[in-house]
Amino acid sequence: MLREYQQRAIDQLYRWFEVGGHGNPCLVLPTGSGKSHVVAALCKDALQNWPDTRVLMLTHVKELLEQNAEKMRLHWPGAPMGIYSASIGKRQLGEPITFAGIQSVRNKASMLGHIDLVIIDECHLVNHKEEGGYRQLLSDLAAINPALRVVGLTATPYRLGHGLITDKPALFDDLIEPVSIEELIFKGHLSTLRSKVTKAKLDTTGVHKRGGEFIESELQAAVNTDANNAATVQEVISLAGNRKAWLFFCAGVQHAEAIAAELNSNGITAQCITGDTPKAEREKILKQYKAGKIKALTNANVLTTGFDYPDIDLIAMLRPTMSASLYVQMAGRGMRVKSHTDHCLVLDFAGVVETHGPITAVQPPKKAAGGNGEVPVKVCDNCGELCVIAARICPACKHSFPEPERKELELRNDDIMGLEGKDLEVTAWSWRRHVSRASGKEMLSCTYYGGLSDKPITEYLPLLHDGYAGEKAIRLMTDIVHKSMLNSVVADDKLGFGEDLDCLAEYLTTGKPPASIEYRLDGKFHRVIKRSWA
């Protein structure tokens with residue numbers, strides 16, 4: 001039932017514990033990758049292998065809690081589980097698995113009793129200091145069971161004003177990243193985003209910050225004006241074309257209400273959802289939206305997590321933010337695979353793409369206030385598309401960017417002509433066992449992923465072959481293992497794992513991929529001629 005990369009996530013988590021991982025790991029899974037399926041499979045596996053285990057699954061909003069519980073029942077009908085959440089109206093304790101809202105159980109460690117494993121969804125919300133509801137509950141549970149283990153899940157492993165959630169002081173000790181956005185898109189599990197430079201701009205000049213983020217009252221006063229609202233709505237209408245499901249992220253409640261009113265006055269059926277929208281009314285609005293009876297939804301801080309409608313095909317960002325996590329969550333609403341198109345248009349009136357960079361290369365916020373340096377994006381002169389800096393062709397209009405200035409030619413031992421290969425900035429890699437169609441022999445393959453406009457590059461290592469080819473592959477593997485910060489797995493008998501290439505591939509995927517590769521087409525296959533971890 002699990003997709004390959006979801007099972008890979010669980011396997012890598014267990015491997016982390018097996019090789020001596022101490023403390024609390026965090027699984028980093030992109031928005032839309034199905035974290036709730038991973039949570040369900042992890043709970044089921046824990047109970048079936050260790051029947052006495054007691055698991056507590058925590059999150060901060062009831063929508064995520066309901067999603068996770070639903071997937072648990074899907075994976076394991078009749079699972080021994082209960083839900084404890086005031087907002088859902090259930091207070092079920094005593095089962096081996098408890099799904100709970102943090103607001104409802106933060107002071108109830110004594111009622112929960114002995115817990116062996118805590119799983120926290122959206123764990124970037126856990127305070128890095130010893131304060132807040134999560135930290136209070138975990139401290140109280142650890143007093144009951146000092147052997148308590150915590151596993152986090154998030155798409156954004158960083159906090160505004162702190163940096164990575166593993167930067168000390170921190171609850172989490174390591175990040176496990178089993179799959180990238182690029183791999184999920186290439187395999188058809190996510191759709192792409194396309195962003196345009198907009199004519200209308202929301203100016204934050206003079207808006208102060210608190211805790212690194214814009215002060216909401218000042219932000220709304222700056223952006224929520226009649227002129228801004230009219231200009232942004234008119235531009236959205238002019239660029240939307242025949243897109244059917246629009247989602248607006250606004251700077252606050254008054255702003256969201258004003259944008260909805262402006263849309264309706266222009267003949268666009270729109271509704272506004274805020275934290276004060278009654279549950280029944282909210283469910284009715286979302287049902288109408290998904291049925292196509294409402295074209296546009298505006299919201300303020302409520303549809304960033306726990307809301308999934310795959311056919312969203314236009315996102316208007318009207319909420320300037322210094323939070324990279326919020327940016328990723330907003331953009332993630334448009335990345336589900338759609339029934340009618342292959343992408344979602346993002347109209348960035350708030351400058352968040354320019355602030356944080358491409359969604360596949362978001363940099364963790366710095367601990368100190370200030371910018372993160374030059375953002376790796378460029379604008380297509382032909383259509384205004386925001387593209388990754390390395391793009392050769394605009395993904396929207398296919399306009400070619402000028403060729404970058406060529407490097408000085410460099411002679412290489414394996415290249416007597418001195419011709420350079422092509423460069424790929426690597427974002428992720430994936431190792432697999434491969435069986436040659438021609439010879440039937442087993443070998444390893446490694447696929448390197450770059451940006452969304454880059455074709456993945458795959459190379460093959462014939463580790464089990466006799467003679468020079470096998471010996472060369474083993475020497476290369478030894479070098480890759482060393483540089484990817486893994487312990488050596490190459491032994492005198494060829495492989496430290498014997499001849500289990502599946503096991504070896506799984507292990508290698510957990511290593512640090514090179515920052516870039518240089519490759520060349522050699523016949524119908526690619527040959528990687530250089531790997532750089534610098």
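The axes of helix α1 (residues 4–18) and helix α2 (residues 35–49) cross at roughly 50 degrees and come within 10 Å. This is a predicted model. Angles of 65 to 115 degrees count as roughly perpendicular and those under 35 as roughly parallel. α1 and α2 are therefore oblique to each other. Their crossing is right-handed. On the α1 side, the residues that meet α2 are Gln6, Ile10, Leu13 and Tyr14. On the α2 side, they are His37, Val38, Ala41, Leu42, Asp45 and Ala46. By class, this contact of α1 with α2 has seven nonpolar residues, two polar and one charged.

α2 also packs against a further helix. The axes of α2 and helix α3 (residues 62–75) come within 8 Å, with a crossing angle of roughly 55 degrees. That makes α2 oblique to α3. The crossing of α2 past α3 is right-handed. From α2, the contact takes in Ser36, His37, Ala40, Cys43 and Lys44. From α3, it takes in Gln67, Asn68, Lys71, Met72, Leu74 and His75. These residues divide into four nonpolar, five polar and two charged.

Helix α9 (residues 226–240) and helix α10 (residues 253–265) pack with their axes 10 Å apart, at an angle of about 55 degrees. α9 and α10 are therefore oblique to each other. α9 passes α10 in a right-handed crossing. Asn229, Ala230, Thr232 and Val233 make the contact from α9. His255, Ala258, Ile259, Glu262 and Leu263 make it from α10. Five of the contact residues are nonpolar, three are polar and one is charged.

Now to the empty space. Rolling a probe the size of a water molecule over the atoms shows where such space is left. How many cavities of 30 Å³ or more does a search of the whole structure find? The search finds one. About 40 Å³ of space lies in the largest cavity. Its lining includes Val126, Asn127, His128, Arg135 and Arg159. Ile165, Ala170, Leu171 and Phe172 line this cavity too. By class, the lining has five nonpolar, two polar and two charged residues. The two arginines, Arg135 and Arg159, belong to the lining, and arginine counts as charged.

Two backbone details remain. Which two residues does a cis peptide bond join? They are lysine 168 and proline 169, with omega at about 0 degrees. Proline 169 sits in the loop between β9 (163–164) and β10 (174–176). Ala170, Leu171 and Phe172 of the cavity lining follow proline 169 in the numbering.

The other detail is at glutamate 122. Its phi is near 55 degrees, a positive value in a residue other than glycine. Where is glutamate 122 found? Its place is the loop between β6 (117–121) and α6 (133–144). Val126, Asn127 and His128, which line the cavity, have numbers between those of β6 and α6. Arg135, also in the lining, has a number within the α6 range.

Definitions and conventions: Predicted model: local features only at pLDDT ≥ 70, side-chain atom pairs only at ≥ 80, totals over all residues. Heavy atoms only, no water. 1 Å grid on protein atoms, 1.4 Å probe; cavity = no way out; pocket = protein on both sides within 12 Å on 5 of 7 lines; lining within 4 Å. Points joined across faces, edges and corners; volume = space filled by probe spheres on them. Axes fitted to C-alpha atoms, helices over the stretch in contact; angles between N-to-C directions. Helix = DSSP H or I, 4+ residues; strand = E, 2+ residues; numbered from the N terminus. Parallel < 35°, antiparallel > 145°, perpendicular 65-115°, else oblique. Left-handed = near helix turned anticlockwise from the far one by under 90°. Contact = heavy atoms within 4.5 Å.
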